[in-house]
Amino acid sequence: MINRRNFLKNTSIFGITPFLPSYNFFNLINKKIKTAHIGVGGMGKADLNDIASHKKVEVYALCDVDNKALVEAGKLFPNAKLFKDYRKMLENIHEDIDAVIVSTPDHTHAPASIMAMEHNKHVYCQKPLTHHVSEARKMKKLAEEKNLVTQMGIQVHSFYDYKLATLLIKSGIIGKVSEVRAWCPKNWGYDGPEPNGSDLVPDYLDWNLWLGTAKERPFKEKVYHPGMWRKLVDFGCGTLGDMGVHIFDTPYNALDLDVPMTIKNKCRKPNNFGFPEKNYVEYVFPGTEYTTETLKWIWEDGKGSPKKHKDLKLPNNDKLPLQGAMFIGEKGRLLLPHFMELPKLIVDNQYKNFDVSTFVDNGELSEIPVRDYGKESYLHYHQFIDTCLGKDECTAPFSYSSRLTETILLGVIAGRFPGKTLHWDNSKAKFAEDEANKYLDSPYRDF
Ligand SMILES: NC(=O)c1ccc[n+]([C@@H]2O[C@H](COP(=O)([O-])OP(=O)(O)OC[C@H]3O[C@@H](n4cnc5c(N)ncnc54)[C@H](O)[C@@H]3O)[C@@H](O)[C@H]2O)c1
């Protein structure tokens, strides 16, 4: 495996050519990275500002199906060209741009990113990478074939405490890990009925373009746009897809996991409209250098999560952080709150100090945490731009984030079969239970 520090230390600007598309290498080092942004309201606005804060970026184009969001973003970047249809934007300006940032609802991540990659553009795509497993595999393949720079929008991946936890686990501080428990009490599910009727589409929204490749349905206020789509099966991925991606990321990365062998989700029966409001997902992964023979992983979300469990008991009867992960190893446990808190080492039910400097001396981390969201969040975005410029290497490229996303999506699919253990064949990309295979993909609507 390539060690990022050695990569950065040992590569001259010419030595890194394999990571860059050769067709525009010299252009890239001499000019600014011209970006086009798809989805500029909500998180897209934060993505836009963080990408634009890199001094080698020129924001070239903005695209949104909501004219209010587009106009607002346009005020910040008055020279940018404005579009409401990403297909027209890419057709018209693909020769003028280097990178595309995709910050739309989940169901549009793959269609927009794939089109951008087909035009040979580097892509920063929000999390979870895709809405379907088949799309995640396709995006990884396309990025590799075209040798493009890619990054998934899990900015906490580049935060101090998460990087430190990864170093601690890899150092063997708690020995081989047999289990991870992760939890989030947020509720990005919806147990209610599908709403009846329709509301007038606001004049600032293009509903057909918002639906994109998803099947047609009437517009209802406050049900889909903005933000609420993440609760609904045709557009989002529930709490697992929303928060799980962030909270899974560090254990997934630290333990060098691949996709799981079995998955079981204890939740309510599916209703084909909203995701369950509570999920209890059990994964079993094949073992790695950092785990016992297999690794068990429990994810809990929704109100009241997590349930009481001996492995989640803290010294001094301390309260668990609201969201986070616990690694259970042969020699102790490591608690990783989500987020911006130091990981805590627990041995024999006592907190144990560790010397941060012995874990940070590989040069990737300072000894003092930054602990400022604004100051840390740009790191992940700048890493993407610097990689486009040949000066860095992305740490959440599609080769990594597609596997993490696939893992999350397998848990989401298991929610269609409450209480049933599904067996996943990684090499065939299929479940042994054929009835589950139809959820790996979904036909695209022509729009
Ligand atoms: N990394 C993080 O911390 C983080 C935080 C929040 C959201 N997100 C991710 O960001 C993405 C957007 O989430 P959000 O909460 O901002 O949603 P949102 O609904 O509030 O905003 C989405 C924006 O995309 C626009 N849009 C929708 N379809 C479009 C299309 N086809 N073309 C162009 N624009 C389109 C919408 O009009 C809106 O402006 C999601 O994937 C979400 O998971 C990430």
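The following dialogue shows how to read several features of this predicted model.

Q: How are the residues numbered, and which pLDDT do local features need?

A: Numbering starts from 1 along each chain, as its sequence is written. As this is a predicted model, local features need pLDDT of at least 70 and side-chain atom pairs count only at pLDDT 80 or more, while totals for chains, interfaces and linings use all residues.

Q: What is the mean pLDDT of the protein?

A: The term pLDDT denotes the predictor's confidence in each residue, from 0 to 100. Here the mean is 93, and 92% of the residues reach 70 or more.

Q: Where does pLDDT stay under 50?

A: Where pLDDT is low, the predicted coordinates should not be read in detail. In this protein that concerns residues 5-23, where pLDDT stays under 50. For residues 5-23 the model has 20 contacts beyond four places in sequence, a contact being two residues whose C-beta atoms, placed from the backbone, lie within 7 Å.

Q: What is the order of the strands in the open sheet?

A: Strands (E, at least two residues) and helices (H or I, at least four) are DSSP runs, numbered from the N terminus. Two strands pair if DSSP finds at least two bridges between them. The open sheet here has 6 strands in the order β3-β2-β1-β4-β5-β6, and the pairing is parallel. Its edge strands, each pairing on one side only, are β3 (81-83) and β6 (150-153).

Q: How many bridges join β2 to β3?

A: Strand β2 (residues 57-63) is joined to β3 by 3 bridges, and the two run parallel. Alanine 61 is found opposite lysine 81 in β3.

Q: Which residues come nearest to the ligand?

A: A residue is near a molecule if its C-beta atom, placed from the backbone, lies within 6 Å of it. There are 28 residues around the ligand, and Gly39, Gly41, Gly42, Met43 and Asp66 come nearest.

Q: Which domains does the assignment give?

A: Domain bounds come from an automatic or database domain assignment. For this protein, domain 1 covers 4-156 + 378-397, and domain 2 covers 158-190 + 234-367 + 404-440. Their C-alpha centres lie 28 Å apart. The contact between them takes 21 residues from domain 1 and 21 residues from domain 2.

Q: Which elements supply the side of domain 1 that touches domain 2?

A: Helices α7 (133-146) and α12 (373-388) each supply at least two residues of that side. With 4 residues, α7 gives the most.
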